[in-house]
Amino acid sequence: MKKIILATVLAGIGSTAAWAADLGASNAPVMAEVYSWTGFYVGGDAGMAGVKNNFTSNFSQRDSDPTLTNNVQDNPFSPTPFIGGGHAGFNWQFAPNLVAGVEGDWQSVRSRQSFCRQTDFTSVACVDGPTNDRGFASASGELDWVATARGRVGWATGPLMIYGTGGAAFAKVANSVGLSCLQGGCADSGGPSRHLSASVSSSTQQTGWVIGAGVEWMFAQNWIVRGEYQHIDLGSMSSAISPAGCSNVSCSFSATQKMGLDILRAGVSYKFGG
């Protein structure tokens, strides 16, 4: 009998302890996952760029008729080429929700615009022949790539961060202008000694500024996806030509293009550490 009572008591104590352990486990606080944005990261991007090329061109000459002295024209273009490239940067999470960092990127753009236009109001654009003996002018602009060096400030909530960004922009830009006046000379400079075909081109690295904003999501400890918008202003660049064939009447052709981009892109990054 004593053995039966002792066994019953021990069984009761065991079940009570197990029930208490289960109760304590169910009431224990669950630790939230910690997301660290601090660290160096690299990644790739792809998207579209709304390129704005606004050309202002002028064929000018010395002429007794003031209506033939200058012929200013505007030629705007708005292509939307595909872009792709890479980025790298570093973040510091120096407060629970505040993140600051620096980032650089490079994007291939490949955008080219060209046009031809009148020398004066009596000529025909893109025609140098029997139906137009006053020639025409042409201009073009090309954007090969764009890069930025930016600071970033973000607000992080767990795996999600929104941020603003801004800094300097750089781009490779080419320009060219030309005159095609072989049949009868350029505009009012006609005559056998003034028939010409001439062009000039240049390539430069243009510097401007960039601002933008984006959102990032850390879907794994070291992997981040992003969506980003950038507005880039590259200022203006000019080319001009004053061919010797116009020397008797001092004619020239110039074209200035003002260039900017609105970029919308998506990307993925790998963060080291964390």
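Mentor: Start with a definition: a cavity is a set of grid points where a 1.4 Å probe fits but cannot get out. Keep in mind that this model is predicted.

Trainee: Why roll a probe at all?

Mentor: A probe the size of a water molecule, rolled over the atoms, shows where empty space is left.

Trainee: How many cavities of 30 Å³ or more does the count give here?

Mentor: The count is 1. The largest cavity holds about 30 Å³ of space.

Trainee: Which residues line the largest cavity?

Mentor: The lining is Phe55, Ala139, Ser140, Asn175, Ser176, Val177, Met237, Ser239, Ala255 and Gln257. By type, 5 are nonpolar and 5 are polar, with no charged residue.

Trainee: Which strands supply at least two residues of that lining?

Mentor: Strands E5 (136–157), E6 (160–181), E8 and E9 each do. E6 gives the most, with 3 residues.

Trainee: Now the strands. What should I know about side chains in a regular strand?

Mentor: They alternate between the two faces of the sheet.

Trainee: In which sense do E1 and E9 pair?

Mentor: Strand E1 (residues 39–60) pairs with strand E9 (residues 252–271) in the antiparallel sense, over 20 bridges. Look at Ser60: Ser252 in E9 stands opposite.

Trainee: How many bridges join E8 to E9?

Mentor: There are 17 between strand E8 (residues 223–241) and E9, and these strands run antiparallel. For a landmark, find Glu228, which faces Arg265 of E9 as its opposite residue.

Terms used:
Residues are numbered from 1 along each chain as its sequence is written. This is a predicted model: local features need pLDDT of at least 70, side-chain atom pairs count only at pLDDT 80 or more; totals for chains, interfaces and linings use all residues. Side-chain values use heavy atoms; hydrogens and water are left out. Two strands pair if DSSP finds at least two bridges between them. Helices (H or I, at least four residues) and strands (E, at least two) are DSSP runs, numbered from the N terminus. On a 1 Å grid over the protein atoms alone, a cavity is a set of points where a 1.4 Å probe fits but cannot get out, and a pocket is an open set with protein on both sides within 12 Å along at least five of seven lines; lining residues have an atom within 4 Å of a point. Grid points are joined across faces, edges and corners, and a volume is the space filled by probe spheres set on the points. Ala, Val, Leu, Ile, Met, Phe, Trp, Tyr, Cys and Pro count as nonpolar, Asp, Glu, Lys and Arg as charged, and the others, Gly among them, as polar.
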